There are 4 protein chains.
Amino acid sequence: MTDSEARSRASIGARRSPATEKAVLDAAESLLAETGYSGLSMDAVARRARASKATVYRWWPTRAHLLIGVYDRRKAQLAMRQSGPLETDLLDFFEALFGLWRQKPLGDLFRLLIAEAQFNPDAMAAMTQYAAERTRQTETIFTAAAARGELAPHVDTAAAAEVAVALAWNHLLTNRIAPEDEDLRAMVSHLAAGFTCGAKGAAA
Amino acid sequence: MTDSEARSRASIGARRSPATEKAVLDAAESLLAETGYSGLSMDAVARRARASKATVYRWWPTRAHLLIGVYDRRKAQLAMRQSGPLETDLLDFFEALFGLWRQKPLGDLFRLLIAEAQFNPDAMAAMTQYAAERTRQTETIFTAAAARGELAPHVDTAAAAEVAVALAWNHLLTNRIAPEDEDLRAMVSHLAAGFTCGAKGAAA
Amino acid sequence: MTDSEARSRASIGARRSPATEKAVLDAAESLLAETGYSGLSMDAVARRARASKATVYRWWPTRAHLLIGVYDRRKAQLAMRQSGPLETDLLDFFEALFGLWRQKPLGDLFRLLIAEAQFNPDAMAAMTQYAAERTRQTETIFTAAAARGELAPHVDTAAAAEVAVALAWNHLLTNRIAPEDEDLRAMVSHLAAGFTCGAKGAAA
Amino acid sequence: MTDSEARSRASIGARRSPATEKAVLDAAESLLAETGYSGLSMDAVARRARASKATVYRWWPTRAHLLIGVYDRRKAQLAMRQSGPLETDLLDFFEALFGLWRQKPLGDLFRLLIAEAQFNPDAMAAMTQYAAERTRQTETIFTAAAARGELAPHVDTAAAAEVAVALAWNHLLTNRIAPEDEDLRAMVSHLAAGFTCGAKGAAA
DNA sequence: ACCTAAGCGAGACGGTACGTCTCGTCTTGCG
DNA sequence: CGCAAGACGAGACGTACCGTCTCGCTTAGGT
């Protein structure tokens, strides 16, 4: 956004200005990248976006809303493969997810969202909704495995997805999403064994 | 007595004052309980503890250090029973842990510690250390089950403990630690099944 | 530049609040009267004026500016009589000036201004400007005396005024502005003699 | 003062340590030179002198006492010549005095002493005493002139000295002690004329 | 030779002011 | 009416200095 753009962004009347929205979210994102979450103040965002504080507050009442706004623009789809066997699919899933989180600023954004959710109900709602979506998506790995007869009879696909997601979060929140992690391979192997043991088509 | 308290708080010379340390941590804890994390400002703590800001900063350089300080005083031991069978032990574990977290301010304290760890390396270190300790403790459930021959041959006790802890965290961070949760019972049952399936002594 | 002009014309923002200005100067003045210069802290002024520190700092960047602000509101005109003879006029001048300085808080205000000027260039500028004004005013005593033919031929009116003002300051700074001072009368008599000796109309 | 000197300066028993006194005054003086009066804090002096704050406070209860202490070590004698005529002697006096004040840190020291005296009674006492001494010294110029018959009959030597000193102060406090000042020459000439006019031996 | 008393460096302590920053609200005038 | 600009009250930030205190030491001078 250049200065002249900013200057021309005065008002479009009694409607929300898309140019301002973009300017504000751009400012928020660049501030996050440059100075971290602590640098994401409403003042700084307004200043950098050449927006008035009133405007920022009108559309993003708290800094958590800004975080969510940036996050929503950025959140990416994860390509899920369910070609089997389960262990391979699970490893693919974890590696794809960790790879996504390793891209700046996606992983940090999600960490911050989880952290913010511990204080802020709005952030909690946004985070919960996203988590549910991700869990549902993850569940497809297990429904596909079930269709292939790989799953043990006791396995509930939703519960299995929750276990996988919980482990992924745990790694994110404790800074263990580095690539080529041998522990990750062992963990996935162990997990798959628990879900497939006793199934007829296991590891077939 | 106020007088002797006051006099003993006056000064003990060029050594750290234990009375002040207690006063500051008490103040921090009560502020956390009353006004939440956002109310835990260095100013407010110093004011309530009748300590000078310099003293607070001398020993607790950031608000995260205060959080860790309060948390360290409060962190409780969890009574672990390994009488078997595994499913019962696991349910006991989750219910005891969630019960602990439901006590004010323990659960919030740990949530805040995890959240703070996402920005603050000191908090991350404290949190990581505590998490490791808790995971090791949790592992005993599984080693006992293994000794009883309940565990499936593929199960690694450390990995199993990590799964259990990750699930517990996930529930805490998404506000699902309410008592008498039927989902919890189902989850534990599902988990135990994965760990025991195929073992000779399973559900014996 | 057209660009900056355009931007500056786009919006002028909110205006300075006169009520706040008065409240701050009132607070500063009352604090000076009650607790002296050392009690004139920015914090205390903001507190008493129910103004935010940012506001105080916005308009009075240092406590010297507050001092100057209070002083500017208070500085009084001195009624000068030039009815002659010079000795009477001079005595009138010193007694009127010392009388003014004896009124709380004027004398202290000026002493503080002179003291502050020894560290602070802003205070020095304000003080210098005021001193020049006062000296010019004082000079009228001597120009009137010259018009009446009372002055010795060697006397430069500006230099004479400087001598008078320097003596007045000296008395202020060494705490000798008490009323009915016999020394003052002697000093003035001596001074007048030096300025008039040898003049045709002297003491006529 | 080297570090080892400082370390060996532990104590000489139940009497005041001259080494410490020197170290403290040296520290105060160098701080004044480097950072001005505002940098002359008790903490900084103690730190630089490797003295304890208690020791500094024991012997110099306020920072004004430090100022006076430094000033007393530094104050210099002024060589006074009374060879006549008065105008030359006066010009010599002013030029010698201004030359002294122009030497770092003497002029600033005296300005600060006068400023400090406006708040602090101790500083006022020290300053008053020094001023009296200087005035008495200055008076010798006029008594010598009187002995030579240069003085007009109305002139009181004490009053004349006060006028001279007041003018000198005025120049110091308003930053007009630069060398080779033509105004100074005019002022002195004017002053001398006032003191000598009508005397038999004037300009003899 | 011992004892007492004071001075000493060190630095923790309760306070409080510093000057800056952010918060969320409000006001002003342009488009 | 939305907008940029920005003043405002409130108050936290982290640093610095205030003056007081205790600590453990060193040493002078009296016993």
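A crossing of two helices is left-handed if the near helix is turned anticlockwise from the far one by less than a right angle, and right-handed if clockwise. This is a predicted model: local features need pLDDT of at least 70, side-chain atom pairs count only at pLDDT 80 or more, and totals for chains, interfaces and linings use all residues. Residues are numbered from 1 along each chain as its sequence is written, with chains lettered from A and ligands numbered from 1 in the order written.

**Exercise 1.** Describe how α2(A) and α3(A) cross.

Step 1. Locate the helices (DSSP runs of H or I, at least four residues, numbered from the N terminus). In chain A, α2 covers residues 18–35 and α3 covers residues 42–49.

Step 2. Take the axes (lines fitted to C-alpha atoms over the stretch in contact, with angles from 0 to 180 degrees between N-to-C directions). They come within 8 Å and cross at roughly 120°.

Step 3. Classify. Under 35 degrees is roughly parallel, over 145 roughly antiparallel, 65 to 115 roughly perpendicular, and the rest oblique. α2(A) and α3(A) are therefore oblique. Their crossing is right-handed.

**Exercise 2.** Find which residues of α2(A) and α3(A) meet.

Step 1. Contact requires C-beta atoms, placed from the backbone, within 7 Å.

Step 2. From α2(A) come A23(A), V24(A), A27(A), A28(A) and L31(A). They meet A44(A), V45(A), R48(A) and A49(A) of α3(A).

Step 3. Follow A28(A). Beyond its neighbours within four places in sequence, A28(A) contacts L40(A), V45(A), L66(A), G69(A) and V70(A).

Notes
Two residues are in contact if their C-beta atoms, placed from the backbone, lie within 7 Å. Helices (H or I, at least four residues) and strands (E, at least two) are DSSP runs, numbered from the N terminus.
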